Amino acid sequence: MSTNETPATTNVRPYILFSVAGTTYALPSDQVRHMEMVGQITAVPNAAPFIEGVAFSRGRVVPVVNLRVRFGFEREAPGIRARLLIVEMNNRQIGLLADSAREFVSIADHLIHPPNDAIRGLSGNYVSGVATMDERIILILNMTPLVDTNPDVAA
Amino acid sequence: MDQPDFIASFMGDYYAESEEHLATARQQLLLLEAAMHDDELPTAIVDELFRSFHSLKGISAMVELREAEQLAHEMESCLARIRERRSVLTPPVFETLVSATNVLEQVIVARREGAAIPSIDQPLAQFNAVCGASSRQDQPPATSTVRTHAVPLPIRVTFTPTADLVARGVKIDTIRTRLSDIGHIERVAPQVTKDGGIAFEFLVTGIPEDTLRSWRDDGVTFEVIEEGAGLRPVDMPAPSHPRPTDTTPGPANYVRVDLGRLDDLMRFVGDLVVSRARLEDTLLGVESYVPAAIWRTLEEHTESIERQLRDLREGVMRVRLVPVSEIFRRMPFVVRDLARDAGKQVRLELVGQSTEIDKFLIERMMDPVLHLVRNAVSHGIESPEERVTAGKRPDGTIRLVASTIGESVVIEVSDDGRGMDAGAIARRARDAGLDLPPGELDSQALLDVICLSGFSTRDEADRASGRGIGMSVVRDSIQELSGSLSVVTGPGAGTTFRAVLPLTLAITDALIVHVGSRTFAVPQSAVQEVAEIDCAAVRAIEHNELVVHRGMPLPVVRLARLFGIDTPERPRLHVIIVGTGLGAVGILVDRISGQREIVVKTLDDPLVNVTGISGATELGDGRLVLILDAIGLTRTLRHRSSVIRAAV
C-alpha cells in the first residue's frame, strides 16, 4: 500500500466488529467462520486462565478464549448479547468470546494505521492496526498471538 | 500452480503407492530366499521384484526423490541381469537386495517426515561389488512358516456381588482367582447395573461351561460368545511353494480412502447417535400427552432407528478395519536379520493374519510388536547348542497370534525360549534397591519390574533390544490406546506377551463420574476396578495419600485436587482403579453415576492440551463432558507408586 494512491483504487476489505470491555475490535471477516450465541461452555481444568473452556460448535469441540481475560479485564459471566466468534486458522477452529458482536463493515486499507504508543494495555500486544471511521476508533486484531498458548505476549 | 505445489499434491499418493510396492517387494524377497537353494532360478519371483522396483523407480522420479529413484534403478538393473542370466543370484547379492530395500524405505520415510535423507552410498557400493559375482552357495531355507490354529470360544462371565455373597466370603477376588486358576481371563470390566449396583464382566477362555454353571449360586452368570461375534481365528495359506500370484494382493475391487474422510464419516455417525439420544429424551418428556397407540408406534420407530444406527456405526467402523498382516508381514524380515546376527535359528509362525483392527491402531501397534519380537529373538530364544542341551529342538519358534474377542483384539507374541526367572528378576530388582512386596512375584508384578525404566536382566545391552527402556515404552503405548499388556512366563518355558486392544477408539463405553458440580467420562477400558471407600480410611503419607485395598496399599489421587474443583467433604467416595499390581493407582471421585456409550471427540488444540483430559463427548442432553485420560493422569504417580508403597 502506498500513500499516494487515491482512495478509489485502494483495497477495501470486510471486517467483523465486536466489542470487549467497551472497546471496538475488528477481525477480517475471512478469518471468521461464523458467529454464535453463547451456549454451554465446559471449563477445562488446568488450562490457561484466559481459556473459558470448550464448547460444541456445529458438531466440533472448540476451545473458547475469553477475550476480556485475554486483554487483562475482569472475567464476567457472558450476558445475553455475548457472542462466540468461531475463527479458523492453520486447521484449528477456536471460539473467541466477546461481549457483543455488531456488524460487518468495509474498511479501506488506507484508513488503517499501525498502532502507536497511544494504544496501551494488554490488548495492545494483539493489535495490528488502528482504523478511524466516523469518529469511531477500531482496533484491528492480529489473530496469531491471540490464540497462542502463552499466557500473554509481553510488550 | 508452480512446481513444488504440483509435486506436493502427489506426495500422499506417492507414499501410499510406494508402501504397497515395498510390501510386495519384501514378500517376494522372502519367497526368493526360500527358493534360492532350488536348482531352477525362480523367474516368477525375480520378475515380480523387477516390476516392484521398476514402479518404485518411476514414481520416485515423478516426485523427484532422486535417492529413491537411483536405488530402485540399481536394484532393477541388478534383477534384470539375473533374469537374463548375465549375473548369478548369490547370497551376497540377495543380502544386498535386502539391505537396499531397507535403505530405500528409510529414504521414503525420511522424505515423508521431512528428515534428512539417509545416504545411499553404501548400498550403491555393494551393488557395484556384488552384482556380477558368480558362485552359488547353499543357504538355509526361509525361517518363516505359517500355520493355522483353532482357538477356544470365549465366554462372557458376569459376577454381581451382593451383601449375602460377601457374608459367605464370595467376593470379586474369589471369582477372579477361581477363573484364572482354571482358564484365562482376557479382560475384566466393571459394569454399572440397571439398579445402580456394580457388577463385573469377565471375558474368559478355557473354562468348561459346567464349572461356570455350578457357580450360579455364587452370583455368577455367563454366556458363550458365538462365532462371528467372538473369536475369529483366521486361516492363512502356507506359502511353502512360492507362487507369487497367490501371495500378492491382486488389483481387486479396492478403493483407497483417505483416513480423514473416514474420520469425518465416523463423526457424522457419532452426531447421529447423539441426536437420537436427544430425541429419546425429549420423547420421554411428552409420553403423557400422546395417545397410547401413537406412543407405541413412536417407540417402535425410535427402536428401529437405534438398531439401524448401530448397524451403520458398525459398517463405518468396519471400513476402517485393516488386516493385522500389515504389522505381521514385516516381522519375517526382522526375525531373519536378528536371528542371523545372533547366530540363532528361529521359525516364525503367523496366526490370524487377516484379523482386522482399526487403521489408527495398526499404525500405533507397529513399534510395540516390533519391540516384543526383537526381545523374543535376542532374549527369549536360546542358542542352538543351549536348546539342544535343554532337550529342545535346535530351532526356536516365535508365534505371532492375532484374534478378535468380542469388541477387543488380542495380539500375542510368544516364544518357546528360556523364559524369565521371576525369582532371579526379583533378586536383581531388590539388589538394585527396588522395594517389592515380599515373596514370589506374580506375573503382573514381574511385568511391572521389567517395565521399570532402566531395568534389564542382561548385563550387556545389545543393539536389538536396547537397555530395558523398551518395555515401559511398549506398555505405555498400549495403555495409551486403551489397551492392556500381560505376560506369562517361566524358567525354560518360554514367554508370552499378550496385548488386548479395543477394536476401535471412536465410540466406547465409559463410566460417568462426578466431582463437585463437574461431570467427566472415564473410558471403561482404562478402568480395572471400581470400589467405594470410607473417607476416613484415606491415609496421608508425606505428600501422597493411600488407602488399603484388598490388603494392599493403593496410592490414590483426588480428582478434585488435581483439577482444582471445589467439592464438600463427603463421608464416602468412589475410587476408580487404574493399572494393576505395583502400578495400580486409585482416582477418587465423589460418585460414579452410571455407564454409557460415548462418542469420542478428540481435543487436540494446544490451547486445551491438558494432562489428564483426552477428549470430549456429549451425553445426549447437549452438555459437553470431558473425557478423562485416566492413564495419563496417574502416570507420574504410577512411576513412583512402588516407592510410596515401600514407605508404608
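How are α3(B) and α4(B) oriented to each other: roughly parallel, roughly antiparallel, roughly perpendicular or oblique?

## The model and its numbering

This is a predicted model, in which local features need pLDDT of at least 70 and side-chain atom pairs count only at pLDDT 80 or more, while totals for chains, interfaces and linings use all residues. Residues are numbered from 1 along each chain as its sequence is written, and chains are lettered from A and ligands numbered from 1 in the order in which they are written.

## Two packed helices

Helix α3 (residues 66–83) of chain B packs against helix α4 (residues 91–112) of chain B at an angle of about 160°, and their axes are 9 Å apart. Here axes are lines fitted to C-alpha atoms, for helices over the stretch in contact, and angles run from 0 to 180 degrees between N-to-C directions. The two helices α3(B) and α4(B) are therefore roughly antiparallel to each other, given that angles under 35 degrees count as roughly parallel, over 145 as roughly antiparallel, 65 to 115 as roughly perpendicular and the rest as oblique.

On the α3(B) side, B:E67, B:A68, B:L71, B:A72, B:E74 and B:M75 meet B:L97, B:A100, B:V103, B:L104, B:V107 and B:I108 of α4(B), where two residues are in contact if their C-beta atoms, placed from the backbone, lie within 7 Å. By class, this contact of α3(B) with α4(B) has 10 nonpolar, no polar and 2 charged residues; Ala, Val, Leu, Ile, Met, Phe, Trp, Tyr, Cys and Pro count as nonpolar, Asp, Glu, Lys and Arg as charged, and the others, Gly among them, as polar.

## The two chains

Chain B has 20 helices and 24 strands, whereas chain A has 2 helices and 11 strands; helices (H or I, at least four residues) and strands (E, at least two) are DSSP runs, numbered from the N terminus. Of the 648 residues of chain B, 38% count as buried, and of the 155 residues of chain A, 33% do. A residue is buried if 20 or more other C-beta atoms lie within 10 Å of its own, exposed if 12 or fewer, and partly exposed in between, with C-beta atoms placed from the backbone.

Where the chains touch, the contact takes 20 residues from chain B and 17 residues from chain A. On the chain B side, α10 (259–286), β23 (613–618) and β24 (624–628) each supply at least two residues, and the residues of that side divide into 12 nonpolar, 2 polar and 6 charged.

## Strands of chain B

An open sheet of 6 strands in chain B has the order β21-β13-β14-β24-β23-β22, with mixed pairing; two strands pair if DSSP finds at least two bridges between them. Its edge strands are β21 (591–599) and β22 (601–602) of chain B, each of which pairs on one side only. Strand β14 (residues 518–523) of chain B runs parallel to β24(B) and is joined to it by 2 bridges, and B:F520 has B:L626 in β24(B) as its bridge partner.

Elsewhere, 6 of the 7 residues of strand β19 (residues 572–578) of chain B are buried, so β19(B) is largely enclosed by the rest of the structure. Strand β15 (residues 527–534) of chain B pairs with β19(B) in the antiparallel sense over 7 bridges, and B:D534 stands opposite B:R572 in β19(B). Strand β20 (residues 585–589) of chain B also runs antiparallel to β19(B), joined by 5 bridges. These strands, β19(B) and β20(B), form a hairpin with 6 residues between them, and B:G579 in the turn has a positive phi of about 80°.
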